[in-house]
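Dear colleague,

Please find the structure below, followed by notes on what turned up when going through it.

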Amino acid sequence: MPARLATDSLVYPRGSGYPHAAVENRLILGDNLAVMSALLAEYAGQIDLIYADPPFFTNRHFPARVGRGEDSRKPQDWQLAEGYPDTWPNIDSYLDMLYPRLELMHRLLSPTGTLYLHLDWHADAYARVLLDEIFGPGRFLNEIIWVYHGPSPIRRAFNRKHDTILVFTKGADYTFNVEAVRQPYDPNTVKTFASSNKAGFGKVPDLERGKVPEDWWYFPVVARLHRERTGYPTQKPQSLLERVILASSNPGDLVADFFCGSGTLPLVASRLGRRFIASDVTWRAVHTTHSRLVESNSSPFSQEYVVGHPWQMNAWPHQLVQDHNTITLNSAPDLPELDYWEVDPAWDGQVFRSVAQAINPRRQAQVPRSIELPENITGKRLCVRLVGIDGRLYQTEKTAS
Ligand SMILES: C[S@@+](CC[C@H](N)C(=O)[O-])C[C@H]1O[C@@H](n2cnc3c(N)ncnc32)[C@H](O)[C@@H]1O
């Protein structure tokens with residue numbers, strides 16, 4: 001019996017599209033084995049691009065940083081919290097996790113679809129053998145090396161500063177938009193061609209059009225001071241996902257990330273006009289993705305969960321104050337610090353419709369305490385949901401006066 005998915009909420013960032021827009025994007029909480037099995041009936045052969053960034057077999061725990069900023073001079077403003085584990089008894093157990101998930105991804109991919117599997121030296125060689133077997137001969141497209149800088153305590157080897165992204169296509173005919181990812185030539189190359197007609201043995205490339213990027217990419221990692229930083233561990237840069245999406249999908253295509261973490265793929269996909277499915281097994285990842293999508297004015301999305309996945313809704317013990325269309329959280333001294341909160345102005349008791357939201361994903365200040373609703377709410381049943389930085393989810397209801 002395949003797992004079942006249930007819809008918890010429909011999210012309309014800043015109310016856009018509410019209530020009639022088709023909701024074509026999905027954010028799902030649960031183990032992706034169950035998620036992908038549940039999606040097979042509807043999506044086998046339908047997904048145009050899958051980006052997978054699983055745990056790397058590092059045998060470490062990756063904590064999240066929650067609260068405001070990560071300034072070591074202001075330790076009272078932020079704290080370490082549970083992120084996700086990457087611990088395994090041995091390589092066999094890790095590959096046992098990976099194999100069935102890669103197989104499901106292969107089944108979900110469309111005939112012209114592509115998989116990008118993001119790993120590093122810990123397990124990339126083993127994973128490549130699995131992919132060769134699952135995708136079959138001739139389906140390897142690239143081994144992309146993402147290089148970056150950063151501090152490291154390593155003293156008895158070269159500094160390990162690259163990840164490996166294995167790219168496999170479902171078929172021989174696949175989407176690859178070379179024009180969308182061309183890069184300017186290096187200024188030295190341009191100068192060489194300008195100064196000598198013998199450069200390139202007389203073959204002059206189209207210097208204006210730019211070059212096809214190499215299979216090694218430099219993008220800075222998302223460091224502490226970067227604006228896109230969420231505090232979720234091992235967050236990948238938007239620029240890297242942008243290149244993946246532009247190269248291997250078209251506007252309107254369906255792209256997916258079943259290990260979505262902080263939600264970099266769905267965020268960039270929505271910005272580039274692609275539809276998305278994203279999932280993660282931790283609440284923190286789903287909350288982080290949710291607030292990033294809202295903050296970036298993504299197209300509407302549903303938030304779903306695997307039926308039976310443990311999660312808990314808590315009653316909000318504080319008061320809401322309503323004044324016409326403005327809802328305010330009272331300032332009780334023990335008010336927990338919030339990640340974000342949102343309002344359904346016409347609660348049906350089943351699916352929460354998030355129409356107005358207050359968030360602060362850049363984590364520089366407090367989340368606003370008031371939300372103004374766009375429509376007249378007198379007599380309506382309001383439902384308010386709040387997510388604390390501890391990852392707890394709260395709900396409270398009120399009939400508007
Ligand atoms: C390397 S992180 C992904 C980071 C992400 N690409 C980003 O930019 O933030 C790996 C993620 O996989 C999730 N994960 C691990 N096992 C999973 C599973 N079985 N199902 C769904 N998600 C899983 C973890 O919770 C973690 O968020």
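In this predicted model, Y340 has I359 of strand β18 as its bridge partner. The two strands involved, β16 (residues 338-344) and β18, run antiparallel and pair over four bridges. Along β18 (residues 356-359), A356 and A358 point one way while Q357 and I359 point the other, and all are buried. In a regular strand, side chains alternate between the two faces of the sheet.

Helix α7 (residues 264-271) is largely enclosed by the rest of the structure, because seven of its eight residues are buried. The buried ones are T264, L265, P266, L267, V268, A269 and S270. Their cover includes β3, α6, β10, β11 and α8. Just after α7, G273 has a positive phi of about 75 degrees.

R271, in helix α7, pairs with E242 in helix α6, so parts 29 residues apart in sequence are tied together. The closest N and O atoms of this salt bridge are 3.0 Å apart. Both ends are partly exposed: E242 has a relative accessible area of 27%, and R271 has 47%.

There are 15 salt bridges in the structure. One of them joins the side chains of E304 and R26, at 2.8 Å from N to O. E304 is in strand β12 and R26 in strand β2, so this pair links parts 278 residues apart in sequence. Here E304 is buried at 5% relative accessible area, and R26 is buried at 14%. D53 and K236 form another salt bridge, also with 2.8 Å between the closest N and O atoms, and both residues are buried. Finally, E179, R182, D206 and R209 are linked in a salt-bridge network.

Regards

Notes
Residues are numbered from 1 along each chain as its sequence is written. This is a predicted model: local features need pLDDT of at least 70, side-chain atom pairs count only at pLDDT 80 or more; totals for chains, interfaces and linings use all residues. Side-chain values use heavy atoms; hydrogens and water are left out. Buried means under 20% relative accessible area, exposed over 50%, partly exposed in between (1.4 Å probe, protein chains only). Two strands pair if DSSP finds at least two bridges between them. Contact means heavy atoms within 4.5 Å. A salt bridge is a side-chain nitrogen of Lys or Arg within 4 Å of a carboxyl oxygen of Asp or Glu.
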